[in-house]
Amino acid sequence: MAGAKRLTQNDIAKLAGVSQATVSLVLNGATNAVARIPQETRERVLQVIRDTGYVADPIARRMAKGHNRILGVFTYEPAFPSEQADFFAPFLLGIEEEAQAHNYDLLLLTGAGVGKERKIFGDGNRLRIADGCLVLGREFDRSELKQLVAGDYPFVAIGRREDAGGPVPYVGGDYASATQELVEKAKALGHRRVAYVGPSGPAESVTDRWTGFCAALRGGAELVLHVKSSDRPAGEVLEALVQSGATAVFFVELADAVRVEAAARQHGLAIPSDFSAVVLGSHIRADRSPVQFTSFAIPREEMGRQATATLVDRIEKGAPRQQILLKCEPVEGETLAPAKKRK
């Protein structure tokens, strides 16, 4: 029978010799109602379910109970190719652990387009199969974000997001404060001429770093070089740094720091003896370089856990939308030292 067609609750009822309503009560697990069903009858229904491999239709259960204990996960970039996997993996680990703690399954929404065409509300959208959704990505589609904010579908963004027709619920890292703290530390070590390698936007995570950096410059430090493009040859960036007279350089991306450090060694320069270097965030795969850069730790797993817990509260309790920023702890590293005195 199981091989011929999809089993229904009515099929299970016939095999167990009970009513379809009894099967529904057993499956839905309503405590008060199930208590009225004899133990022998419950066991008989459960045995038929085990024997046939019956799986309840999640949509039907949603209609019966109001939710089906599934959380959607949508990423604007592919989550698993080698160049992205390290970025998303800690978030997904935190999401999985918290979802499991609340007895929810995860649905990775992968059928929503390829590349820049990936959309939450694309054709074949299966968002409503899940009770709510966690949304990740370096940059979000603003029109889709506005649609989510305007609707009644529960969602939480991972990473701070600007308002989109209203407050966006999110759990993110406090990159602005963490960046400001590192710049203040450099100033305390005598650095007055500093450089910045990386863009200043438009993604919120990038904007926040730039905001914190600029805030810390007020009162005692000068930006003498800003390399906005991340694809300039490392040799060119190094030459610009030397000519600018910067004693400390702040990198948005670890990859740029690694390339410039290698170029410096090739030219007989050393970090931090000749100039200090700071990376604005704990990036994955730091083992590409023998150098442990001074940085700050991004609580990626905790962001995933708290975003999931917040989403569950919204689904189950109707909790209000929250905006949470988690502290990024400083990482000492070995690349920030007292400013080298200029001759």
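H11 gives the most to the lining of the largest cavity, with three residues; helices are DSSP runs (H or I, at least four residues), numbered from the N terminus. The model is predicted, with local features needing pLDDT of at least 70 and side-chain atom pairs pLDDT 80 or more, while totals for chains, interfaces and linings use all residues. Residues are numbered from 1 along each chain as its sequence is written, and side-chain values use heavy atoms, without hydrogens and water.

**Cavity**

- The count is one cavity of 30 Å³ or more, a cavity being a set of points on a 1 Å grid over the protein atoms alone where a 1.4 Å probe fits but cannot get out.
- The largest cavity has a volume of about 50 Å³, volume being the space filled by probe spheres set on the points.
- Its lining (residues with an atom within 4 Å of a point) consists of Val197, Ser229, Ser230, Arg232, Ala234, Val237, Asp256, Arg259 and Val260.
- H10 and H11 each supply at least two residues of this lining.
- By class, the lining has four nonpolar, two polar and three charged residues; Ala, Val, Leu, Ile, Met, Phe, Trp, Tyr, Cys and Pro count as nonpolar, Asp, Glu, Lys and Arg as charged, and the others, Gly among them, as polar.

**Helix packing**

- H10 (residues 234-244) and H11 (residues 254-266) pack at an angle of about 75 degrees, with axes 9 Å apart; axes are lines fitted to C-alpha atoms over the stretch in contact, and angles run from 0 to 180 degrees between N-to-C directions.
- H10 is therefore roughly perpendicular to H11 (65 to 115 degrees).
- Ala234, Gly235, Val237, Leu238 and Leu241 in H10 meet Arg259, Val260, Ala263 and Ala264 in H11, contact meaning heavy atoms within 4.5 Å.
- This contact has seven nonpolar, one polar and one charged residues.

Conventions. Parallel < 35°, antiparallel > 145°, perpendicular 65-115°, else oblique. 1 Å grid on protein atoms, 1.4 Å probe; cavity = no way out; pocket = protein on both sides within 12 Å on 5 of 7 lines; lining within 4 Å.
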